[in-house]
Amino acid sequence: SRGINAEYGGVCEPANDELRRFIGAVQAEWRRIYRSASPGEVQRAKNMLKTLMLAQCDGTTAVCEDIGRQMLTYSRRIPLAEIDARIEAVTPEIMKKVMWEYVYDAEPVVVGLGCTEGLPDYSLIKFQQTSGFD
């Protein structure tokens, strides 16, 4: 399966509009990244990602989980130097290409559990995901 996976949570109450606004804000940020992610923003994001990845491996359990994820994804353990090189290879142009292929050119998948009154209609989510990417 292809796509960008993201999980969002929200608590809804009758006549609550927060979930619709939240989904719209995430999609608006994705459009902004597609249209105008600067090299500085991309570098900051790369630095944050590397910092978080290293911070997550602060104990034996976390290291074992990381090894397991790598084995399931790549069928091998990836050296830190290779991970760093892959992250450093990301440019604003690559971000734009990925956003086009995996966000704009993909059907959104929406799952609602529990109280779903605040969940927007699928057609609205799909329209918001595909508008503004050209």
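**Arg32 and Glu29 are three residues apart in helix α1, which means that about one helical turn separates them.** The model shown is a predicted one, in which local features need pLDDT of at least 70 and side-chain atom pairs count only at pLDDT 80 or more, whereas totals for chains, interfaces and linings use all residues. Residues are numbered from 1 along each chain as its sequence is written, and side-chain values use heavy atoms, with hydrogens and water left out. Helices are DSSP runs of H or I with at least four residues, strands are runs of E with at least two, and both are numbered from the N terminus. Arg32 and Glu29 form a salt bridge in which the closest N and O atoms are 2.9 Å apart; the term stands for a side-chain nitrogen of Lys or Arg within 4 Å of a carboxyl oxygen of Asp or Glu. Arg32 has a relative accessible area of 26% and is therefore partly exposed, and Glu29, at 33%, is partly exposed as well. With a 1.4 Å probe and only protein chains considered, residues under 20% relative accessible area are called buried, those over 50% exposed, and those in between partly exposed.

The chain has 134 residues, of which buried residues make up 24%, and the structure holds eight salt bridges.

**Glu82 forms a salt bridge with Arg76 and another with Arg86.** In the pair with Arg76, the closest N and O atoms lie 2.6 Å apart, while in the pair with Arg86 the corresponding distance is 3.0 Å. Arg86 and Glu82 are four residues apart in helix α4 (residues 80–88), so about one helical turn separates them. Glu82 is partly exposed, with a relative accessible area of 23%; Arg76, at 35%, is partly exposed, and so is Arg86, at 41%.

**Lys46, Lys50, Asp84 and Glu88 are joined in a network of salt bridges.**

**Helix α1 (residues 18–36) packs against α5 with the two axes 8 Å apart.** Two packed helices are described by the angle between their axes and the distance between the axes. Axes are lines fitted to C-alpha atoms, for helices over the stretch in contact, and the angles, taken between N-to-C directions, run from 0 to 180 degrees. For α1 and α5 the angle is about 140 degrees, and the two helices are therefore oblique to each other. Angles under 35 degrees count as roughly parallel, over 145 as roughly antiparallel, 65 to 115 as roughly perpendicular, and the rest as oblique. The crossing of α1 and α5 is left-handed, a term used if the near helix is turned anticlockwise from the far one by less than a right angle, whereas clockwise gives a right-handed crossing.

**The axes of α1 and α6 come within 9 Å of each other.** They cross at roughly 20 degrees, so α1 is roughly parallel to α6. The crossing of α1 and α6 is right-handed.

**Val109, Val111 and Leu113 make a nonpolar surface patch of about 400 Å².** Patches are made of residues with over 30% relative accessible area and no salt bridge, joined within 9 Å for like charges and within 5 Å for nonpolar side chains (Val, Leu, Ile, Met, Phe, Trp, Tyr). Accessible areas come from the Shrake-Rupley method with a 1.4 Å probe, and for residues only the protein chains shown count as cover. Val109 is placed in the loop between α5 (92–104) and α6 (122–130), and Val109 is exposed, with a relative accessible area of 76%.

**Ala106 is found in the loop between α5 and α6.** With a relative accessible area of 17%, Ala106 is buried. Its C-alpha atom is separated by 9.3 Å from that of Lys126, although Ala106 and Lys126 are 20 residues apart along the chain.

**Ser75 has a positive phi, near 65 degrees, in a residue other than glycine.** Ser75 lies in the loop between α3 (60–74) and α4, and at 60% relative accessibility Ser75 counts as exposed.

**Glu41, a residue of helix α2 (residues 39–56), has its C-alpha atom 8.7 Å from that of Pro92.** Along the chain, Glu41 and Pro92 are 51 residues apart. Glu41 is partly exposed, with a relative accessible area of 26%.
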